[in-house]
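Student: Hi, could you walk me through this structure? I'd like to start with the overall picture and then look at the packing.

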Amino acid sequence: KSHPLLGQLQQMLAAYGYGIEPSGTFDRASEHVVIAFQRHFRPARVDGRYDASTGGTLERLIAELPSDSRTA
């Protein structure tokens, strides 16, 4: 089942350079991308689940991108 917040997460991950197609569905590919993101930016807890800490980190990173690089 598709969910708009998952689509937004996927768009942000894609904007930061992760190879993910925004679908709104948290499939295995999405889980693997979240795990990769967590390993790099939040290694204290790598579980493949999108949570407030992961989202906050991703939002800060997106905000630091030059405005012409943002696609989300």
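**Fold and helix packing**

Student: Hey, how many helices and strands does the protein chain have?
Tutor: This is a predicted model, and its protein chain has 3 helices and 0 strands. From the N terminus on, the order of elements is α-α-α.

Student: Nice. How do α1 and α2 pack, in terms of angle and axes?
Tutor: Helix α1 covers residues 4-15 and helix α2 covers residues 28-41. They pack at an angle of about 55°, and their axes are 11 Å apart.

Student: What do we call that arrangement of α1 and α2?
Tutor: Angles of 65 to 115 degrees count as roughly perpendicular and those under 35 as roughly parallel, so α1 and α2 are oblique to each other.

Student: And is the crossing left-handed or right-handed?
Tutor: α1 and α2 make a left-handed crossing.

Student: Which residues meet there?
Tutor: From α1, L9, Q10 and L13 take part, and they meet S30, V33, V34 and F37 of α2. By class, this contact of α1 with α2 has 5 nonpolar and 2 polar residues, with no charged ones.

Student: Switching topic: how much of the protein chain is buried?
Tutor: The chain has 72 residues, and 38% of them count as buried.

Student: What about its accessible surface?
Tutor: That comes to about 4600 Å² for the protein chain, with 51% belonging to carbon and sulfur atoms.

Student: Last one: what share of contacts joins residues at least 24 apart?
Tutor: Taking contacts between residues at least 6 apart in sequence, 28% join residues at least 24 apart.

Notes
Residues numbered from 1 in each chain as written. Predicted model: local features only at pLDDT ≥ 70, side-chain atom pairs only at ≥ 80, totals over all residues. Heavy atoms only, no water. Axes fitted to C-alpha atoms, helices over the stretch in contact; angles between N-to-C directions. Helix = DSSP H or I, 4+ residues; strand = E, 2+ residues; numbered from the N terminus. Parallel < 35°, antiparallel > 145°, perpendicular 65-115°, else oblique. Left-handed = near helix turned anticlockwise from the far one by under 90°. Contact = heavy atoms within 4.5 Å. Nonpolar A, V, L, I, M, F, W, Y, C, P; charged D, E, K, R; others polar. Buried < 20%, exposed > 50% of the residue type's maximum accessible area, 1.4 Å probe, protein only. Areas by Shrake-Rupley, 256 points an atom, 1.4 Å probe, with all protein chains shown as cover.
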